[in-house]
Amino acid sequence: MEERHIIVTYRLDRATIQELCAQLEPDLMSAIHHPTGIPPLVQVLSVLHFLASGSFQTTVAIASGMSQPMFADVLSRVLSALLKHMRSYIMFPQVEDFPTVKGDFYALGHIPNIIGAIDGTHVALVCPRRSEQVYRNRRATIR
């Protein structure tokens, strides 16, 4: 695949995918010993495609050559492995850092009040209106 096509399909470049596979491989190797063992690279690529596309598990499973229940197991396994390494890749600013982070983002792109970025996507965070329900601990409450 061309690099551009890899980035569109998986939202990561080839080198990053290879690095990620190497990092997650110890956690994913146990699936190889299963009778229907799926190599770690296939597990990671199928989950990355699922996350990048927003598609359905069945669709990604078919494209990856596995059943939907098998993909559900792979998805769980890869996400669990990713969570172990999350702090290496995802950082949330502390409240006391907000002024500095906002200033840095403003200097970078002249966009005010930015405290973080996700994959270069702009996400507006808006407080819920008083009349909206806020869900906490699986209970609906009115603010």
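These are my notebook entries on one predicted protein model.

**Ground rules.** I number residues from 1 along each chain as its sequence is written, and my side-chain values use heavy atoms, with hydrogens and water left out. Since this is a predicted model, I note that local features need pLDDT of at least 70 and side-chain atom pairs count only at pLDDT 80 or more, while totals for chains, interfaces and linings use all residues.

**Overview.** I began with the elements, which are DSSP runs numbered from the N terminus: helices are H or I with at least four residues, strands are E with at least two. I found seven helices and two strands in the protein chain. From the N terminus on, they run α-α-α-α-α-α-α-β-β.

Next I looked up burial, where buried means under 20% relative accessible area, exposed over 50%, and partly exposed in between (1.4 Å probe, protein chains only). Of the chain's 143 residues, 22% count as buried. The protein chain exposes about 10,800 Å², of which carbon and sulfur atoms supply 59%; that area comes from the Shrake-Rupley method with a 1.4 Å probe.

**Helix H5.** I then turned to H5, which covers residues 68-84. How far does H5 reach from its first C-alpha to its last? Its 17 residues reach 24 Å, close to the 24 Å expected at 1.5 Å a residue; the expected span is 1.5 Å times one less than the number of residues.

Here I listed Phe71, Val74, Leu75, Val78 and Ala81 as buried. They cover an arc of only 135 degrees around the axis, so they sit on the same side of H5; I take the arc from the directions from the helix axis to the C-beta atoms. An α-helix has 3.6 residues a turn, so residues three or four places apart point the same way. On the other side of H5, I noted Pro69, Leu83 and Lys84 as exposed.

What covers the buried residues of H5? I found helix H2 (14-28), H3 and helix H4 (57-64) among the cover, with contact meaning heavy atoms within 4.5 Å. At the start of H5, I saw that a side-chain oxygen of serine 67 comes to within 3.2 Å of the backbone nitrogen of methionine 70.

**Two single residues.** Threonine 9 is in helix H1 (residues 3-10), and I count it as buried because its relative accessibility is 15%. Leaving aside neighbours within four places in sequence, threonine 9 touches Met1, Leu48, His49 and Ala52.

Glutamine 43 belongs to helix H3 (residues 40-53). Is glutamine 43 buried or exposed? Glutamine 43 is buried, because its relative accessibility is 0%. A polar atom of its side chain lies 2.8 Å from the backbone oxygen of isoleucine 38.

Terms used: A polar contact is a pair of N or O atoms within 3.5 Å; within protein, one must be able to donate a hydrogen and the other to accept it, and residues adjacent in sequence count only if both atoms are side-chain atoms.
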